[in-house]
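Me: I'd like to learn how to read a few features of a protein model, one at a time. Could you give me the general idea first and then the case here?

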Amino acid sequence: MTKMQEWATIDRPVVDREAAELTDRELSLLVRPDVVLHQTKDGTERRHLTRAVLRVLSLAVGDVLAAGASAIAVRRLVEWAAAQLGHGRVPFSSTAEFCGAVLLALVLTGNYQRSDRPYSTLHLLVGSALGTLVVCWSNFWANPTLGAAPIAIGLAIVTTGALFLARGSVAALIAWLLPEHRRLVPAIVASAPGAEASLDARSGYRIAGRVSLDHRHADIGSHELARLIRETRAESVIVLGAVDSRRFARLLEIGLNAGCEVLSSPPGFDVVGVRPSIAWRGPHGLIRVQPPTLRAPQVFAKRCVDVFVASIATLLAAPVSVVIALAIALDSPGPVFFTQHRVGLGGQRFRMLKFRTMRLGADDERTGLEHLNSSGDPRTFKIVDDPRISRVGRLLRRWSLDELPQFLNVLMGHMSLVGPRPVPEDDFVDYDDHHFRRLAAKPGITGLWQVSGRSVVMDFEERVRLDTEYVDQWSLWLDFKILVLTVPAVMRRTGAY
């Protein structure tokens, strides 16, 4: 048996009936697949271009409608306020001008790139703010009014929300109108031994074929890839797992010859659980893996939201806090507030504030109550019906009212509205290396594990996993979802004791 016939008899997925029996010509193509792959390149590139144009057009139509609706809504609101108050002016001349400015700003800020940006609240906010600034800037100078700046800020925020809803609606409409084989990009997954060869619909790809990169047959994977590209008309090649440079170069050559985009999982992704990126240093393209910390624009955006919400919450909660303070003082002797050193972002110590819910000296009694710890783990010390809790304290814990003073910690910059829970210093004694990843973000009043059941989540490793998942996947939208989910979590009172 010749080498060509050996290749032909190797087990491989059969795409159609004609592919089950290989002719001599097809065997020759297995030997030199790149000879005919150029024939498929034009068709693949046309399909790439068609998908890109349709994607951008659908997003642009939704964006224009969202920007127009936002401009009309804000204009009507300002005109109504002007009629009531006798002053006020819309800081842009026409709706069409505003729509054009927002569309151009979204293009310049990369919101039409094929990535997660179409659904990134931060990137949409930047685009909306830039578009608003362009059309409102001249009006600030020509006709300065007291309310022009707040109106422009409100317009940018309203437009951001409208853009997010519009893009989500466009995605849902496309998913409803088009079947997966028309909507998702067909891809061949070439996986090394031990790599998980699976994709979900959120990736934007569907698996049209699989190639196993067995180390024992170095060339067969390449020939199998070429055959599957021709038979399935795949537009992308996704290489998963560790592949040596010679084999990857061959896979890259075959994919590019066929007009396919080639994607590969960078080293370090599965090890550290963060998102590597390409960094050019001179002529060298390097994989950069950074600690899971937020960049300056993200930190600024998150801090603005924290200060705004915490300020309003502190003012609204002031009357309730006075009543709670009086109740605590009348119920048991001791201070109204409980303060404790906790560890926050980067291991920095700060004093966390809470309303006191236990009797005076409760911390000194912990050692004698270790046997009642319901979690069985000293790092998660929780006692059902803790005898140290006062009558008022039990009520405060059931409704999470003891956490209200932490809004002051947020205003002081020690904490955030959403984030991992602040860590007691004593817990560090039993920490492993991967537990310290919780310190990569500011601790929060609420977080993923709180909305997942609070004290019901007893396993310490599960809490760490939820906290690190938040750190790795942070976005303004994730913060918003957690804040919304916190309300029913508090109302259900599940795990609050």
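Me: Is D63 buried or exposed?

Reply: Some ground rules before that. This is a predicted model, where local features need pLDDT of at least 70, side-chain atom pairs count only at pLDDT 80 or more, and totals for chains, interfaces and linings use all residues. Residues are numbered from 1 along each chain as its sequence is written, and side-chain values use heavy atoms, with hydrogens and water left out. Now the idea: buried means under 20% relative accessible area, exposed over 50%, partly exposed in between (1.4 Å probe, protein chains only). D63 has a relative accessible area of 2%, so it counts as buried.

Me: Where is D63 placed, and which residues is D63 in contact with?

Reply: Helices (H or I, at least four residues) and strands (E, at least two) are DSSP runs, numbered from the N terminus. D63 belongs to helix α3, residues 34-85. Contact means heavy atoms within 4.5 Å. Setting aside neighbours within four places in sequence, D63 touches L103, L106, Y112, L163 and R167.

Me: Next, sheets. What is the strand order in the open sheet of 4 strands?

Reply: Two strands pair if DSSP finds at least two bridges between them. Here the order is β2-β1-β3-β4, with parallel pairing. At the edges you find β2 (205-212) and β4 (261-264), each pairing on one side only. As for angles, axes are lines fitted to C-alpha atoms, for helices over the stretch in contact, and angles run from 0 to 180 degrees between N-to-C directions. Ignoring direction, neighbouring strands of this sheet are turned by 25° against each other on average.

Me: How many bridges join β3 to β4?

Reply: Strand β3 (residues 236-240) runs parallel to β4, and 4 bridges join them. V237, for one, stands opposite V262 in β4. Helix α9 (residues 245-257) packs on the sheet and touches β3 and β4, its direction making about 150° with that of β4.

Me: Last one: is V305 buried, partly exposed or exposed?

Reply: V305 lies in helix α11, residues 296-331. Its relative accessibility is 36%, so V305 counts as partly exposed.
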